[in-house]
Amino acid sequence: MSAPKYPHLTQPLQIRGFTLKNRLEASNSLPHFLQGPEPYPAESVIAHYCNKARSAGIVTCMGINNFTRGKQLPMDMDFGHFPDFDLYDTNCQNYLLQLADNIHYYDSIACMAIFVGPPSAYPLMVPKGEQGHMSKFDQAGSLNAPPPAEFDIELIPGHDPVESYTEEQLEKIAQSYAEQAGILQMLGFDMMSIHMCYRANIPAQFFSPITNHRTDKFGGSLENRMRFPLMCLERVRQKVGKNFLLEIEWSAVDGPDGYSIEDSAAFLNEAKKYIDIVQLRTDEVDAAHPTSFNLEETPFLKYGEYMKQHVPGLVIGVIGGFHYPETCEKALADGKADLICAARAFVSNPNYGDLIQAGRADDIVPCLRCNKCHGRGEHDPFVSVCSVNPMVGLEHRLGQLVKAPERSKKVAIIGGGPAGMRCALYLKERGHTPVLYEALPILGGQIVHADYADFKWTLRDYKNWLIYQLDKQGIAYHVNTKATPEMIAAANFDAVVVANGAEMLTLPIPGADKDKLVYALEAFAHPEKLGERVVLIGGGEVGVETALYIAKKGHHTTVVEMRDQLSADSTAIHYYSMFKEAWEAEPNFHGITGVKVAAIGADSVSYTDKEGVEHSIPADSVVMCAGRVPRQAEALAFYGTAPEFYMIGDCKKPASVQQLNRHAWSVANRI
């Protein structure tokens, strides 16, 4: 028998009498919108965590928030849609127990993450006006008093909540942390993960000099600022005893005016009396979810390396971009971490750990780091999805939706873009024989632009993975081959799937001569053909990415957009801010919003602003990124060439990688 390919990742880890089956923690994450208003984990959530438990040593669940219960929040507020489990409701406890029990089925550690952020002061406090909930503290009379007024107001600049708490209130908060840990322990959870990051909750705010301006024993010096978070941890450990694991999620650094990494090490050396694991993060919540604009694969591993050297005796976990097994293995082998904490790796690959255990890293689907697992664009419905794993959100219904094929079929696929390639792989997985035809010399379709821009490296990895898998699975494909209906009809296929994509749209603007315009793919492939001054029409996500790439190549680039926001269709949560930071950091990039292009001249582009005033921008080249038009007529011409006919991807409606993957998967499952 051969040795494990990733011996450090797959090695068991013993902590406080518990044995982790590997060094992988599915860190605290829950695609935000998997269930409705149920105050307990619904089947969709239980199924999602069970998939993670198949291969993670620790599965960290979320949902104890006190964000939404008893409140009516605006529809466009993302956390208003979060699951919010009621830890005190005995009926809800039944489902929490089932959640822990299902995780244990796969021999994984069941962990619940706890987040407490202002203005809700006590982790388990019943919101004002909500009746029917009573805790042990309520019965004892210690939490019956109404909360201080500042707990109910919206925090505004200049308001410093840390100064508002009395010592008695702090003791109650610490005790409530302990109480919820005790309830989780009673329900069969093995571990609790306490959020202490980003100055987003009370213990973290007490530790940070940015938010803690107290002058008593809880403020000022490092020793004083760590007093309250340590008090919380001590009360929790006293409550749960020795047979329970505790983790804290901790910002290793705190920004320019905050605490240092040396301060963090000092705190963790005290905290290790009570906790077993620290999960190291950075100082800002968005940055903790690195995107493709982070050219450094794992930007926070340096924190793990530091803590391994300065905090002996504590299990050091790190997050932030951990996906590729070679990277994870090296981090452990080099002694820079004890535990790899990943979230999106398990969302994009529910069998992530199984593939690592089997040494099949090449079968792991690359994560795009698009953060659509947190929600799609600003104007999309709140729905949990994954760009490369179409099963997210449907995991609890797969038995109803996916049926085994009656027989193996020969299937023609017209188009070698991401939709066509992914459909071919799904069909092969189901036992069919797909044959793919691509008119161009290369596979990839619209996403071949990822070959050029450094900030599209995750999409490039995904495109290359698709092509590699076609070869590995022995799927026949023909490039430089424009399929015709006659060709397909003559080959006696059982089904035909058309994925022939879309054309770039040309807006009806005076001077918009197609022969003079450049489109996105050409701009990516040949930026050297563009003049010094470039005007790009259309500031959606594709337009802004194109403009950023052109600007990085040295062209003075201006994006003109009708909407009031550039890239308004980008993922709003944990993505947009980092994308915006990237284009704002490029000196050659400029954006103009809320305007309408009036005409394209020989050496300029004119537009009108909201007041109807016309302006002109010098332009040596004009790039059009105004959307796409489906090749529907061409696709429909293949109807009748086989007994079964399907259209997927952009030829039906221009779609994102996530949408076309879901469509390719659903069609493949119906063949």
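User: Let's start with Arg628: how exposed is it?
Analyst: This is a predicted model, and in it Arg628 has a relative accessible area of 27%, so it is partly exposed.

User: And what does Arg628 form a salt bridge with?
Analyst: With Asp650; their closest N and O atoms are 2.6 Å apart. The two come from distant parts of the chain, 22 residues apart: Arg628 is in strand β24 (residues 628-630), while Asp650 is in the loop between β25 (644-647) and α22 (657-670).

User: Is Asp650 buried or exposed?
Analyst: Asp650 has 8% relative accessibility, under the 20% cut-off, so it counts as buried.

User: How many salt bridges are there in the whole structure?
Analyst: A search finds 26. One of them joins Asp276 and Arg16, with the closest N and O atoms 2.8 Å apart. That pair spans 260 residues, from the loop between β1 (13-15) and β2 (18-20), where Arg16 is, to the loop between α9 and β8, where Asp276 is. Asp276 is buried at 8% relative accessible area, whereas Arg16 is partly exposed at 31%.

User: What about Glu167 and Lys217?
Analyst: Their side chains also meet in a salt bridge, at 2.9 Å from N to O. Glu167 lies in helix α5 (residues 167-186) and Lys217 in the loop between α6 and α7, so this pair ties together parts 50 residues apart in sequence. Both ends are partly exposed: Glu167 has 46% relative accessibility, and Lys217 has 38%.

User: Which residues are linked in a network of salt bridges?
Analyst: Arg360, Asp362, Asp363 and Lys472.

User: OK, now a charged residue with no salt bridge. What's going on with Arg369?
Analyst: Arg369 is buried and has no salt bridge; Glu297 is the nearest side chain of opposite charge, 5.4 Å away.

User: Where is Arg369 found, and what is it in contact with?
Analyst: Look in the loop between α13 (352-357) and α14 (398-401). Beyond its close sequence neighbours, its contacts include Pro290, Arg344, Trp457, Thr458 and Tyr575.

User: Thr458, then. Where is its place?
Analyst: In helix α16 (residues 457-472). Thr458 counts as buried, with 5% relative accessibility. Leaving out residues up to four places away in sequence, Thr458 touches Ser292, Cys367, Leu368 and Arg369. Thr458 and Leu295 are 163 residues apart in sequence, yet 9.7 Å apart in space from C-alpha to C-alpha.

User: Changing topic: how many helices and strands are there?
Analyst: 22 helices and 25 strands. The protein has 671 residues, and 58% of them count as buried.

User: Which strands close into a barrel?
Analyst: Eight of them, in the order β3-β4-β5-β6-β7-β8-β9-β10, with parallel pairing. The twist averages 25° from one strand to the next. To zoom in, β6 (residues 191-196) and β7 (residues 245-251) pair over six bridges, and Met192 stands opposite Leu246 in β7.

User: What does helix α9 touch on that sheet?
Analyst: Helix α9 (residues 261-271) touches β7 and β8 (277-281), and its direction makes about 170° with that of β7. Its buried residues include Ile261, Phe267 and Leu268. Among what covers the buried residues of α9 are α8 (227-240) and α10 (301-310).

User: Which strands form the open sheet?
Analyst: Three strands in the order β20-β21-β22, with antiparallel pairing. The edges are β20 (596-600) and β22 (614-618), each pairing on one side only. Strand β21 (residues 604-608) pairs with β22 over five bridges, and Thr608 has Glu614 as its bridge partner in β22.

User: Last one: which residues of β23 are buried on each side?
Analyst: In β23 (residues 621-624), Ser621 and Val623 are buried on one side, and Val622 and Met624 on the other. Strand β17 (residues 533-537) pairs with β23 in the parallel sense over four bridges, with Ile537 opposite Met624.

Notes
Residues are numbered from 1 along each chain as its sequence is written. This is a predicted model: local features need pLDDT of at least 70, side-chain atom pairs count only at pLDDT 80 or more; totals for chains, interfaces and linings use all residues. Side-chain values use heavy atoms; hydrogens and water are left out. Buried means under 20% relative accessible area, exposed over 50%, partly exposed in between (1.4 Å probe, protein chains only). Lys and Arg count as positive and Asp and Glu as negative; His and the chain ends are not counted. A salt bridge is a side-chain nitrogen of Lys or Arg within 4 Å of a carboxyl oxygen of Asp or Glu. Contact means heavy atoms within 4.5 Å. Two strands pair if DSSP finds at least two bridges between them. Axes are lines fitted to C-alpha atoms, for helices over the stretch in contact, and angles run from 0 to 180 degrees between N-to-C directions.
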